[in-house]
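I set out to record how two chains meet. My entries follow the order in which I looked things up.

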Amino acid sequence: MFEEGKYLSETDKFAKLYDTKEVKQGVIARAKKQGANVVYAKYIKFKEKFIDRARLGVHKFFAEREQAQINELENEIKVANENGLKQIQINKQSELKYMQEAQQEHLDKIATIENNQQKAQEKIAMMQNIKQQKDEFNRLMKQQRDELNKPMKEQEVATEPSAEVAPEVGESTPEVIETPIVLNNESEPVKVETPVVEVVPEPIMKAPIEDKIEEPPVVMETPIDMTLMDQQVDTVIEQQIKETAENVEQTMEEELKSAENAEQTTNDKVQNTEVPDWMKQIADATQVMNESLQSIIKEYTSNLTKAIVVPMTTKDQQLSEEKQKTANLTATLQNKENEIVGLKNSNSEKDQQLEAEKQQNANLTTTLQNKENEIVGLKASNGEKDKTIESLQASNAEKDGMIATKDAEILQLKNSIQAMSIQFQQIQSMFANFQPPANTNASENGEKTMVKA
Amino acid sequence: MPEKKIITVVTPEGEEIEAEVLIFFELTDLGKKYLVYTHHEKDKNGMETVCASTYVEEDGKAYIEEIATEEEWDRIKDVMRGVIKNGGDE
C-alpha cells in the first residue's frame, strides 16, 4: 500500500518515515468521546520556525537517503557495465532515474522552503527597519515639538495662527515599494504602500498656535462650585451697580445743589448791588445755561437710573427667586432633618423596645433554664422513685413468695389437721363402740348411754 | 509541485478543516502509522499548534484517531524532535 518508508534510526530504530504525499487527500476523524470533549488528536505547540524545520527535516531526510541509494545504484551500474550485464545495467539505470527524480523533488521542495524562509527573514528585517524608522521619526517629532513648545510657554504669545506659517507636516504622496511577502506559499512580490512622511521644520517663532493644544492640559485638582461662583459674581456686580448708581445720583444732586447755590449767590449779589448791563447779560446767559444744564443732567440721570434699575430689578427678581429656592431648600432640609430626627427617635424607641424584648427573652431563657433544671431534678427524682418502686416491687414479690410459702404451710397444716381430724373421728368412733361393763346402763327405750369417766 | 501536503480533515461534527501534513511515519514495532499535522492555529504568543493522530486506512478510506497511550505520545514527540533537528542547525 505504501512506498517503502525509511527508518529514522537516530531517533527511534522502529520509526519508519514515509513521504507525506502518501497520505490520502481526505481523512475522517474518528473520535472517542471523553466527557464533553470529542478527542481525536493530541497536540503540542511550536514556534513557527520549528514548523519550517519539521518540513525541511522530512525532505532533507528523504534527499539524504535517496542520495545514498543513488550512490549505491551508480556503483551497481558501474559493476554491471564493467561485467557486460546490459539488462541489469538498464534496470538499474531506470531505478537510478526514478531515484534521482524523487530526490530532485525533495531538493526542489527544500529550495522552495528555504527561499520562502529567506524572503520571510528579509520581510521581517524590512519591517524592523520600518519600525526603527518610525520610532526615530516619532522621536524627532517629539523633540521638535518640545523645542517648539518651550518658547511658546515662555512668551505666552500672541502669535496668531496663520495659514502661511503652518509647517508642512503630514503625509505626502505615498511611495510604492515593492516588497516580497510570504503568504500561503505565494512567492510573488506584493506591493505595499508605505506612506513616507516629510518634515519641513519652520522657524520657532512661526510656530502655529495649534501646537500649544498638544501640550498636556493643566489639571485642576480642586473642584470648583460654579453655582456658588456665579452667585458671588452676581452679588458683586449687583453691589457695584447699586453703588455706582447711588454715587452718580449723589454726585448729580451735589452738582445741582452747588449750581443752585452759585445761582442764588449770584442773584443775591445781583440784587444787593447795582450791576452793569453786561453783568446782567452774563447772569441771564448763565441762567439759561444752568437751566439747560439742569435739564440735561436730569434727563441723563433719569436715563441712567432707568438703565440701572432695569437690570437691578431683574437681578433683584433673580435674587428673590434664588432666596425663595434657598428658603424652599432650607425648608426641605429642615423637613428632612425633622424626618431624620423622627426616624432617630423612632429608632431609639425601637431600640428600647428591642432592648425590652431582649430582656424579656433573657428572662424567658432564664425561666426556661430553670424549668429545664426542674425537669432534670424531677427526672432524677422520678428515677429515685422508680428505684424505690422497683425495690418495693421486689419486696412485694419476696413477700408474695413468703405468703405463698405460708399458704403452702397452711395448706399442709390444714391437711395435717384434716388427717388428724379423720384420726380423731376414727378414734371417736372407736370410743363410741367401746362399752365398759360397769359403767354401762340401758335406758328405758333400749338406747345405750356411754358414761364418761 | 507544492512543498506542502494539504489534506482535508472531516471532524466528528461534520466540519471540514484543512490541515498541512508535516510528518507521516510508522512505529513498526506497534504496527501503527501516525500523522503529525497543523491547522495553522496560533495562540496569543504566536505559538502554532501541532496535532498528532493515529492514521488508519480501511476499505480505501483514511481515518485519524486519538493516540492510544502516553508511551506512544512520548515516542511521537521523539520522532518530531528528530525530524526538526534534521531540518536545521540551530
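I began with the area buried between chain B and chain A, the accessible area (1.4 Å probe) that two parts lose on being put together, summed over both. It is about 5,600 Å², and carbon and sulfur atoms give 59% of it. In chain B, the residues that lose the most area to chain A are Glu3(B), Phe24(B) and Glu66(B), together 14% of what that side buries.

I noted that this is a predicted model, in which local features need pLDDT of at least 70, side-chain atom pairs count only at pLDDT 80 or more, and totals for chains, interfaces and linings use all residues. Side-chain values use heavy atoms, without hydrogens and water, residues are numbered from 1 along each chain as its sequence is written, and chains are lettered from A and ligands numbered from 1 in the order in which they are written.

Next I looked up contacts (heavy atoms within 4.5 Å). I found 62 residues of chain B in contact with 56 residues of chain A.

I then turned to salt bridges (a side-chain nitrogen of Lys or Arg within 4 Å of a carboxyl oxygen of Asp or Glu). The rule finds six across the interface of chain B and chain A. I looked up the salt bridge of Asp43(B) with Lys45(A), where the closest N and O atoms are 3.3 Å apart.

Among the elements of chain B that give two or more residues to the side touching chain A are strand E2 (16–27) and helix H1 (70–86); helices (H or I, at least four residues) and strands (E, at least two) are DSSP runs, numbered from the N terminus. H1(B) supplies the largest share of that side, eleven residues.
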